[in-house]
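Please read the following points alongside the coordinates.

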Amino acid sequence: MDITPARAPRARARETITYWKRYWTLYALLALPVAFFVIFRYIPMAYIQIAFKKNNIVMNIWQVPWANNHGFENFIKAFSNRDFRFALRNTIGLNLLDLLIGFPAPILLALLLNELPFRRFKRFTQTIAYMPHFLSWIIISGLALQLFAPTSGLVNILIRRMGGTAVPFLDDPGHWVWTYILLGVWQSVGWNTIIYLAALTNISPELYEAASVDGAGRVRKIWHITLPGLRPTIVTLLIMSLGRILGSEFDRPYAMANKLVTSVSNVLSIFVYNNGIKSSQFSLTAAVGLFQSAVCVMFLLAANSLAKKFGERGIW
Amino acid sequence: MIKSKTAKLGDWVVVFLCVLLILICLLPLLNIVARSLSTATALVRNEVLLWPVGWNLDAYQTVLKDARYVWSLEWTAILTVICTIWSMFMTILCAYPLTYDHLKGRRFFNTLIILTMYFSAGLIPNYLLLKDLSLLNNPLVLIIPNCLSVFNMIIMRSFFYGIPESLRESAELDGAGPVRVLVSIYLPLSTSVLATLALFYAVGRWNGFSDALMFLNRREYYPIQRLLYDILHSSNSFEVSTQEGFTTPGLAETLRMATVAFATVPVLLIYPWLQKYFITGVTIGAEKG
């Protein structure tokens, strides 16, 4: 609200009083949510200091002495920890594969659904394709344990009946990675088409008609009209995924892992859980968490400014 | 549009691919259901594919006799209802005031809230805070620390923005305060977004696992996913379950599949009815988030 300097201070005071009389309830409504964000999202940031302090599980965090090496002892310890380096490698590797395979998948599926001529069948297909999104990773891991079991699993029974040999989908690190990635696609591909399908409705049908008149076939229309129409959405979502390159889910790798594949399934979130919550190495794991958050923010900023440099809208 | 013969062939290719997709989504579930309805001996002999062999409901009956499992289902249902109501309440409280353009400090509140989407302190600081608040091993830890999602709040706020301001202004001229306007104008006009967000919160709680794993060590408060994890991932499940059936090889399989089925069905029964709504919800969220 602009207040012109010419107005008398008394009028201004009166205005303020009527404003507060009228709208104090809005602040009362906001009080609870703001308290929530302060307590559960901002106060934890004060606890980040333990990343720079010695590990101590009894003392009040404010009284714990600072760590050696100007407080960076925990970061140095993390990077010289073999398990951490493996977890870092696995996190980046699995996220890159997710990006490579899981990112284009919903775009292709949206293009496919967009070409589907029967409306009711399209709706039915969508309903079924959204279903895996509503299953928890615990349930999906249960399905996977059954489907891919070496002797009793459906997939291996079929493979054997067709004369092949059983594939250790979940018991061998190499196969596990691909099972993990493809199950991720299975779970999320349908749900992620929603955004693309919404963007597709914004493309003017006249463009398609004009292209048909010019004799363009299906593929040409997809290439020259549909994909350019999706470009802003694709860029936005790509920026968001790049920002998560060092982020790690917990439920998915934790539920799908087993003792035989820890060399590839241990990601940073599991490292933090095992060493932090289970073994009380709070300083070390808080340092790992801070490193992760900081890198995520940096990647997000970098991806965003890169997108803007190429003339895209960016996310803010 | 004029369709040529090749276009029609293309249509059938598309239909074929979609049928394939539907099968890939549904077959794993069919396999589970078939296993849960089959006899243990048929399972051991690897006879069960997509159709039950030796139809019976024994597994379901056994699972329903397991007091711990049934209590976990009930407790998760109660928890889901409480969480959904509380989360919706908080989300509305947060989103509504921020739709007032002339609210002083609106930018500050918006920034305060949105920033938490991009930077979080991480698991360990959160864990230590919960410890200091004595929320660890307290069932409230499943309700309070994640009761408000910024993403959902943004969806709600955008939806409120779409309601014409003239409605609010005319109500205010009649002397209605902000709360009155919210209850008698905004909420009745927002049923679709309310349904969507309630679904998101409810599914989130029903499927929630990691908070119960990390912050809660009391078995009587284990939500269903936590119990399910123990049932599915321990080779020796009788320490998990009171029922001795869980230790017999083939029978253990049908029982496990029955436990999975019970935990899956509630969600699968609800979501198709809300499809129209959640599509709008996700779209709004994507455009504004």
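1. The largest nonpolar core holds 124 residues, of which A:Ala144, A:Ala287, A:Val288, B:Ala95, B:Tyr96, B:Met156 and B:Leu228 touch the most other members. Such a core is a set of buried Ala, Val, Leu, Ile, Met, Phe, Trp, Tyr and Cys residues joined through C-beta atoms within 7 Å; buried means that 20 or more other C-beta atoms, placed from the backbone, lie within 10 Å of the residue's own. Helix 8 (residues 173–201) of chain A gives the largest share of this core, ten residues; helices are DSSP runs of H or I, at least four residues, numbered from the N terminus.

2. The model is predicted: local features need pLDDT of at least 70, side-chain atom pairs count only at pLDDT 80 or more, and totals for chains, interfaces and linings use all residues. Residues are numbered from 1 along each chain as its sequence is written, while chains are lettered from A and ligands numbered from 1 in the order in which they are written.

3. Contact links 70 residues of chain B with 65 residues of chain A, the criterion being C-beta atoms, placed from the backbone, within 7 Å. On the chain B side, helix 1 (residues 5–37) supplies the largest share, 15 residues.

4. B:Leu228 touches A:Ile138 and A:Gly142 as well as B:Thr259, B:Val260 and B:Ala263, leaving aside residues up to four places away in sequence.

5. Chain B has 14 helices and zero strands. Its C-alpha trace spans about 75 × 70 × 35 Å along the principal axes. Buried residues are 38% of its 289 residues.

Terms used
Buried ≥ 20, exposed ≤ 12 C-beta atoms within 10 Å, placed from the backbone. Helix = DSSP H or I, 4+ residues; strand = E, 2+ residues; numbered from the N terminus. Contact = placed C-beta atoms within 7 Å.
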